[in-house]
Amino acid sequence: MIDRLIANVLEWAAGHHDEGRFSPVAIVFHWTMAALVSFQLFWGWWMGQLPVGGDKVAAHSLHYAIGVLMLVLAMGRGAWRLLAPGPINDADKPGWESNAATVTHYLFYTCLFGLPLTGWAMVSATEREQSLTLLGLTAWPLMPFQDLDNVTRWRVEAVTEWMHWGLVVTLLLLIPLHIGAALKHQIIDRDDVLHGMLPVVPQPKRRRTRWQRRYRAVEQRVRALARRRFGLSRRR
């Protein structure tokens, strides 16, 4: 019975994919993670401005709790992506933009998994009595660093903190690139990419616009410059 239920769910998702749209499950995962990432970036900056005291401790506790939630959601999103791959849309056309989108996709997943994992490691290395929970409903264990000596734990904390901040910077660079690419697909290319993840946004009619002509002209100039600069051959 469970096998039939899973098969029906995947068939339902495939029906959306055949229409060039992401399934509602993927859409909920996407926008929930987007909201949590935005909150965590702001909250992490804000709690860094707080003086040492009860408010700072409470802010850190909320940051930790949402980080645990994000890790669980990232695992759920990854599992759903494996079970129900997304649609083939205009962003998958061969070319440098498709390659860039693939690289960006994997970098996002690296950040979405890496940030909560490094935060979890930081807490486990420095807060031996700190308790973590998933939405306050169930306890979340610490990583097994409690038996390490103090010097080793401080080294773990320092390395994971450096990695955490590196991933934050990477995410801050990726977000405007991701938003800009989505707007470019909607306004310049006038294709189905944004509509596929945000169905309330109507898919624009296919027609050439002055923005599209300007973009193509700039793209051709950049390609010509790259060929002259790096000796790249013209694609056949």
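This report walks through the fold of one predicted chain and then visits a few of its residues.

## Ground rules

The model is predicted, so local features need pLDDT of at least 70 and side-chain atom pairs count only at pLDDT 80 or more, while totals for chains, interfaces and linings use all residues. Residues are numbered from 1 along each chain as its sequence is written, and side-chain values use heavy atoms, with hydrogens and water left out.

## The chain as a whole

Let's start with the overall layout. The chain holds seven helices and two strands; here helices (H or I, at least four residues) and strands (E, at least two) are DSSP runs, numbered from the N terminus. Read along the sequence, these elements follow the order α-α-α-α-β-β-α-α-α.

Of the 236 residues, 37% count as buried, where buried means under 20% relative accessible area, exposed means over 50% and partly exposed lies in between (1.4 Å probe, protein chains only). Among contacts (heavy atoms within 4.5 Å) between residues at least 6 apart in sequence, 64% join residues at least 24 apart.

Helix α4 covers residues 96–126. Its 31 residues should span 45 Å at 1.5 Å a residue, and the end C-alpha atoms are 44 Å apart, which agrees; the expected span is 1.5 Å times one less than the number of residues. A kink of about 25° lies at Gly114, shortly before the proline Pro116. That bend is the angle between axes fitted to the seven residues ending at a residue and the seven starting there.

Leu115 also lies in α4, and it counts as buried because its relative accessibility is 12%. Beyond residues up to four places away in sequence, Leu115 touches Thr110, His164, Leu167, Val168 and Leu171.

Ala125 is another residue of α4, buried with a relative accessible area of 0%. Leaving aside neighbours within four places in sequence, Ala125 is in contact with Phe145, Arg153, Val156 and Glu157. Ala125 and Met143 are 18 residues apart in sequence, and their C-alpha atoms are 7.8 Å apart in space.

Glu11 is found in helix α1 and is exposed, with a relative accessible area of 57%. The C-alpha atoms of Glu11 and Ala84 are 8.9 Å apart, although the two residues are 73 places apart along the chain.

Ser23 sits in the loop between α1 (2–18) and α2 (24–48). Ser23 is buried, with a relative accessible area of 0%. Its contacts, leaving aside neighbours within four places in sequence, are with Ala13, His16, His17 and Trp80. With Trp80, the Ser23 side chain makes a side-chain polar contact at 3.3 Å. A polar contact is a pair of N or O atoms within 3.5 Å; within protein, one must be able to donate a hydrogen and the other to accept it, and residues adjacent in sequence count only if both atoms are side-chain atoms.

Lys184 forms it with Asp189, and the closest N and O atoms are 2.6 Å apart. Side chains of opposite charge can pair when their charged atoms come close. Both partners are buried: Lys184 has a relative accessible area of 12%, and Asp189 has one of 13%.

Next comes Arg190, in the loop between α5 (150–189) and α6 (193–197). Arg190 has a positive phi of about 55° although it is not a glycine. At 14% relative accessibility, Arg190 counts as buried.

Technical notes:
A salt bridge is a side-chain nitrogen of Lys or Arg within 4 Å of a carboxyl oxygen of Asp or Glu.
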